Amino acid sequence: MARTSRQSKILELISLYEIETQDDLVSRLSSSNFEVTQATISRDIKELGLIKVISSQTGKYMYSLPKANQTPNKYIFILKESVISFNVVNNLVVVKTLRGVAESVCSILDGFNLQNVLGIVSGIDTVMIIFADSEKAEYCLNKLDSIINF
(Lines give C-alpha, C1' and ligand atoms only; values in the text may rest on other atoms or scores of the structure.)
Protein backbone atom coordinates (compact mmCIF):
# COMPACT_ATOMS: atom_id res chain seq x y z
CA MET A 1 0.00 0.00 0.00
CA ALA A 2 2.91 2.39 0.63
CA ARG A 3 3.91 2.25 -3.03
CA THR A 4 0.36 2.94 -4.22
CA SER A 5 0.03 5.84 -1.77
CA ARG A 6 3.38 7.26 -2.82
CA GLN A 7 2.56 6.94 -6.50
CA SER A 8 -0.83 8.57 -5.96
CA LYS A 9 0.96 11.42 -4.21
CA ILE A 10 3.38 11.72 -7.16
CA LEU A 11 0.43 12.07 -9.54
CA GLU A 12 -1.07 14.72 -7.28
CA LEU A 13 2.20 16.65 -7.05
CA ILE A 14 2.82 16.72 -10.80
CA SER A 15 -0.72 17.97 -11.32
CA LEU A 16 -0.18 20.82 -8.83
CA TYR A 17 3.42 21.84 -9.48
CA GLU A 18 5.83 22.09 -12.37
CA ILE A 19 8.30 19.43 -11.24
CA GLU A 20 11.41 19.48 -13.40
CA THR A 21 13.73 16.90 -11.81
CA GLN A 22 13.66 13.77 -9.73
CA ASP A 23 15.34 15.74 -6.93
CA ASP A 24 12.44 18.22 -7.00
CA LEU A 25 10.05 15.29 -6.69
CA VAL A 26 12.01 13.77 -3.79
CA SER A 27 11.89 17.15 -2.03
CA ARG A 28 8.12 17.58 -2.56
CA LEU A 29 7.49 14.02 -1.35
CA SER A 30 9.64 14.62 1.73
CA SER A 31 7.54 17.70 2.50
CA SER A 32 4.50 15.41 2.35
CA ASN A 33 6.04 12.89 4.79
CA PHE A 34 7.17 10.38 2.15
CA GLU A 35 10.84 9.57 2.73
CA VAL A 36 12.18 8.17 -0.54
CA THR A 37 15.41 7.87 -2.47
CA GLN A 38 16.09 9.05 -5.99
CA ALA A 39 16.27 5.40 -7.10
CA THR A 40 12.74 4.77 -5.78
CA ILE A 41 11.46 7.85 -7.60
CA SER A 42 13.12 6.69 -10.79
CA ARG A 43 11.28 3.36 -10.57
CA ASP A 44 7.98 5.12 -9.77
CA ILE A 45 8.34 7.42 -12.77
CA LYS A 46 8.93 4.44 -15.02
CA GLU A 47 6.02 2.43 -13.55
CA LEU A 48 3.64 5.39 -13.82
CA GLY A 49 4.75 6.04 -17.38
CA LEU A 50 5.36 9.73 -16.71
CA ILE A 51 6.71 11.82 -19.54
CA LYS A 52 8.45 15.18 -19.71
CA VAL A 53 6.72 18.00 -21.54
CA ILE A 54 7.60 21.64 -22.06
CA SER A 55 5.79 23.99 -19.69
CA SER A 56 3.75 26.64 -21.48
CA GLN A 57 4.49 29.03 -18.60
CA THR A 58 8.23 28.60 -18.04
CA GLY A 59 9.43 26.85 -21.18
CA LYS A 60 11.22 24.27 -19.03
CA TYR A 61 10.65 20.51 -19.07
CA MET A 62 8.38 19.09 -16.38
CA TYR A 63 6.86 15.72 -15.53
CA SER A 64 3.37 15.05 -16.85
CA LEU A 65 0.80 12.36 -17.40
CA PRO A 66 0.77 10.90 -20.90
CA LYS A 67 -2.14 11.63 -23.23
CA ALA A 68 -5.30 9.54 -22.90
CA ASN A 69 -4.46 7.24 -25.79
CA GLN A 70 -1.15 6.41 -24.06
CA THR A 71 -2.64 5.57 -20.65
CA PRO A 72 -0.44 3.03 -18.86
CA ASN A 73 -1.97 0.10 -17.02
CA LYS A 74 -0.58 1.62 -13.81
CA TYR A 75 -3.22 4.37 -13.90
CA ILE A 76 -5.93 1.77 -14.32
CA PHE A 77 -4.46 -0.09 -11.33
CA ILE A 78 -4.49 3.10 -9.24
CA LEU A 79 -8.12 3.72 -10.21
CA LYS A 80 -9.08 0.14 -9.34
CA GLU A 81 -7.37 0.43 -5.94
CA SER A 82 -8.64 3.94 -5.15
CA VAL A 83 -12.20 4.20 -6.53
CA ILE A 84 -15.00 2.93 -4.31
CA SER A 85 -17.96 3.75 -6.57
CA PHE A 86 -19.31 5.72 -9.56
CA ASN A 87 -22.83 7.16 -9.63
CA VAL A 88 -24.78 9.47 -11.92
CA VAL A 89 -26.74 12.26 -10.25
CA ASN A 90 -28.53 14.36 -12.86
CA ASN A 91 -25.73 15.83 -14.99
CA LEU A 92 -22.90 14.73 -12.65
CA VAL A 93 -20.79 11.63 -12.36
CA VAL A 94 -19.86 11.33 -8.68
CA VAL A 95 -16.76 9.23 -8.02
CA LYS A 96 -16.20 8.14 -4.41
CA THR A 97 -12.57 7.34 -3.57
CA LEU A 98 -10.50 6.28 -0.63
CA ARG A 99 -9.86 9.24 1.66
CA GLY A 100 -7.01 11.43 0.47
CA VAL A 101 -6.64 10.17 -3.11
CA ALA A 102 -9.47 12.02 -4.87
CA GLU A 103 -7.10 14.63 -6.28
CA SER A 104 -4.92 11.94 -7.85
CA VAL A 105 -7.98 10.16 -9.26
CA CYS A 106 -9.21 13.51 -10.59
CA SER A 107 -5.89 14.09 -12.30
CA ILE A 108 -5.99 10.64 -13.94
CA LEU A 109 -9.61 11.05 -15.05
CA ASP A 110 -8.89 14.53 -16.39
CA GLY A 111 -6.04 13.02 -18.41
CA PHE A 112 -8.52 10.69 -20.13
CA ASN A 113 -9.97 13.73 -21.97
CA LEU A 114 -13.51 12.39 -21.65
CA GLN A 115 -16.00 13.77 -24.18
CA ASN A 116 -18.46 16.53 -23.27
CA VAL A 117 -16.93 17.29 -19.85
CA LEU A 118 -17.73 20.82 -18.68
CA GLY A 119 -15.50 20.49 -15.63
CA ILE A 120 -13.99 18.10 -13.12
CA VAL A 121 -13.32 18.87 -9.46
CA SER A 122 -12.13 16.91 -6.46
CA GLY A 123 -12.33 16.99 -2.71
CA ILE A 124 -10.74 14.64 -0.20
CA ASP A 125 -12.70 11.52 -1.12
CA THR A 126 -14.95 12.63 -3.98
CA VAL A 127 -14.52 13.61 -7.63
CA MET A 128 -17.35 15.25 -9.58
CA ILE A 129 -17.38 15.25 -13.35
CA ILE A 130 -19.83 17.84 -14.69
CA PHE A 131 -21.77 17.44 -17.94
CA ALA A 132 -24.45 19.50 -19.71
CA ASP A 133 -27.08 16.79 -19.26
CA SER A 134 -27.75 13.41 -17.68
CA GLU A 135 -27.41 11.48 -20.96
CA LYS A 136 -23.79 12.59 -21.35
CA ALA A 137 -23.14 11.77 -17.69
CA GLU A 138 -24.61 8.29 -18.14
CA TYR A 139 -22.44 7.72 -21.22
CA CYS A 140 -19.35 8.72 -19.21
CA LEU A 141 -20.33 6.39 -16.37
CA ASN A 142 -20.54 3.47 -18.81
CA LYS A 143 -17.19 4.39 -20.34
CA LEU A 144 -15.49 4.62 -16.94
CA ASP A 145 -17.06 1.35 -15.91
CA SER A 146 -15.62 -0.34 -18.98
CA ILE A 147 -12.18 1.17 -18.31
CA ILE A 148 -12.03 0.00 -14.73
CA ASN A 149 -14.08 -3.21 -15.25
CA PHE A 150 -16.01 -3.03 -12.02
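Me: Which residues have the most contacts inside the largest nonpolar core?
Reply: Those are L50, V93, L109 and I129, in a core of 39 residues. A nonpolar core here is a set of buried Ala, Val, Leu, Ile, Met, Phe, Trp, Tyr and Cys residues joined through side-chain atoms within 4.5 Å. Buried means under 20% relative accessible area, exposed over 50% and partly exposed in between, with a 1.4 Å probe and protein chains only. This is a predicted model, where local features need pLDDT of at least 70, side-chain atom pairs count only at pLDDT 80 or more, and totals for chains, interfaces and linings use all residues. Residues are numbered from 1 along each chain as its sequence is written, and side-chain values use heavy atoms, with hydrogens and water left out.
Me: What is I129 in contact with?
Reply: Leaving aside neighbours within four places in sequence, I129 touches N91, L92, V93, V95, L109, L114, V117, G119, I120, C140 and L144. Contact means heavy atoms within 4.5 Å.
Me: Now the helices. At what angle do α2 and α3 cross?
Reply: Roughly 105°, with the axes of α2 (residues 22-31) and α3 (residues 38-48) coming within 10 Å. Therefore α2 is roughly perpendicular to α3, a label for angles of 65 to 115 degrees (under 35 is roughly parallel, over 145 roughly antiparallel, the rest oblique). Axes are lines fitted to C-alpha atoms, for helices over the stretch in contact, and angles run from 0 to 180 degrees between N-to-C directions. Helices (H or I, at least four residues) and strands (E, at least two) are DSSP runs, numbered from the N terminus.
Me: Which residues make that contact?
Reply: From α2 they are Q22, D23, L25, V26 and L29, and from α3 Q38, I41, S42 and I45.
Me: Where is N33, and is it buried or exposed?
Reply: N33 sits in the loop between α2 and α3. N33 counts as exposed because its relative accessibility is 70%. Its phi is near 70°, a positive value in a residue other than glycine.
Me: What about N116?
Reply: N116 is not a glycine either, and has a positive phi of about 65°. N116 lies in the loop between α5 (102-111) and β5 (119-122).
Me: Which residues of α4 are buried?
Reply: In α4 (residues 73-82) they are K74, Y75, I76, I78, L79 and S82. Their cover includes α1 (2-16), α3, β3 (83-89), β4 (92-97), α5 and α6 (134-148).
Me: Which element has the lowest mean pLDDT?
Reply: α4, at 82, while strand β6 (residues 126-130) has the highest, 96. pLDDT is the predictor's confidence in each residue, from 0 to 100.
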